[in-house]
Amino acid sequence: MASTLTSILLHVTFSTKGRVPLIAPAIEPGLFAYIGGIARRMDSVLLAANGTADHVHLFIGLAKTVPLADLMLNIKRDSSKWIKDGDETLRGFAWQDGYFAFSIGASGVDAVRAYIAGQKEHHKQVDYKDEMRAFFRKYGIEWDEQYVWE
């Protein structure tokens with residue numbers, strides 16, 4: 001019997017709309033658990049998650065039958081609703097329109113997990129835009145400052 005086996009590992013990051021610091025540490029565990037549930041519902045797996053008040057990093061094992069755009073649509077739409085429903089003061093919450101995704105090979109798994117785990121410390125020294133610019137350079141992605149930040 002033939003089978004299709006894949007390992008599609010992605011480091012995905014996106015910010016709050018306008019990078020407004022709205023993600024309180026108190027909601028992070030519930031938010032990441034909720035995002036993990038969305039991933040599972042779509043036959044994918046959330047391997048690690050962390051972030052700061054204005055953005056999140058997700059390490060995702062993408063299902064072989066799920067387009068990344070579909071997964072991200074569901075994660076961002078449903079988690080935004082979860083945040084709004086959970087706190088009356090966050091009724092205007094929104095994620096940025098896009099996201100950034102980088103493919104990870106098996107040899108990079110430990111490094112990505114450690115990088116995501118260290119987000120709070122990392123961002124005491126580096127802001128989100130500089131962090132993303134470094135990723136764009138690392139992965140050879142061309143970008144236009146006029147469009148990449150909304």
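**Exercise 1. A charge and a ring**

Determine which residue lies over the face of phenylalanine 14 in this predicted model, and at what distance from the ring centre.

*Solution.* Step 1: The residue over the face of the phenylalanine 14 ring is lysine 76. Step 2: The distance from the ring centre is 5.5 Å. Step 3: Lysine 76 belongs to helix H2, where it is listed among the buried residues. Phenylalanine 14 also counts as buried, because its relative accessibility is 0% and the cut-off for buried is under 20%.

**Exercise 2. Aromatic pairs**

State how many aromatic pairs the structure holds, and classify the pair of phenylalanine 14 and tryptophan 95.

*Solution.* Step 1: There are 13 aromatic pairs in the structure. Step 2: For phenylalanine 14 and tryptophan 95, the ring centres are 4.8 Å apart and the planes stand at 90 degrees. Planes over 60 degrees apart count as edge-to-face, so this pair is edge-to-face. Step 3: Phenylalanine 14 is part of strand S1 (residues 9–15), whereas tryptophan 95 is in the loop between helix H2 (68–86) and strand S4 (100–104). The pair therefore ties together parts that lie 81 residues apart in sequence. Step 4: Tryptophan 95 has a relative accessible area of 6% and is buried.

Now classify the pair of phenylalanine 100 and tyrosine 128.

*Solution.* Step 1: The two ring centres are 6.5 Å apart and the planes are at 40 degrees, so the pair is tilted. Step 2: Phenylalanine 100 lies in strand S4 and tyrosine 128 in helix H5 (residues 128–138); this pair links parts of the chain 28 residues apart. Step 3: Both phenylalanine 100 and tyrosine 128 are buried. Step 4: These two residues belong to one aromatic cluster together with Phe136, Trp143 and Trp149.

**Exercise 3. Strand S3**

Decide whether the residues of strand S3 (residues 55–61) are buried or exposed, and identify the strands that pair with S3.

*Solution.* Step 1: Seven of the seven residues of S3 are buried, so the strand is largely enclosed by the rest of the structure. Step 2: In a regular strand, side chains alternate between the two faces of the sheet. In S3, His55, His57, Phe59 and Gly61 point one way, and Val56, Leu58 and Ile60 point the other way. Step 3: S1 pairs with S3 in the antiparallel sense over seven bridges; histidine 11 has phenylalanine 59 as its bridge partner in S3. Step 4: Strand S2 (residues 45–52) also runs antiparallel to S3 and is joined to it by seven bridges. Alanine 49 stands opposite leucine 58 of S3. Step 5: S2 and S3 form a hairpin, with two residues between them.

**Exercise 4. Leucine 9**

Describe the surroundings of leucine 9.

*Solution.* Step 1: Leucine 9 lies in strand S1. Step 2: This residue counts as buried because its relative accessibility is 13%. Step 3: Beyond neighbours within four places in sequence, the contacts of leucine 9 include Leu47, Phe59, Ile60, Phe102 and Val109.

**Exercise 5. Helix H2**

Definitions and conventions
Residues numbered from 1 in each chain as written. Predicted model: local features only at pLDDT ≥ 70, side-chain atom pairs only at ≥ 80, totals over all residues. Heavy atoms only, no water. Phe/Tyr/Trp six-rings, centres within 6.5 Å; stacked < 30°, edge-to-face > 60°. Helix = DSSP H or I, 4+ residues; strand = E, 2+ residues; numbered from the N terminus. Buried < 20%, exposed > 50% of the residue type's maximum accessible area, 1.4 Å probe, protein only. Lys NZ or Arg CZ within 6 Å of the ring centre and 35° of its normal. Pairing = 2+ DSSP bridges. Contact = heavy atoms within 4.5 Å.
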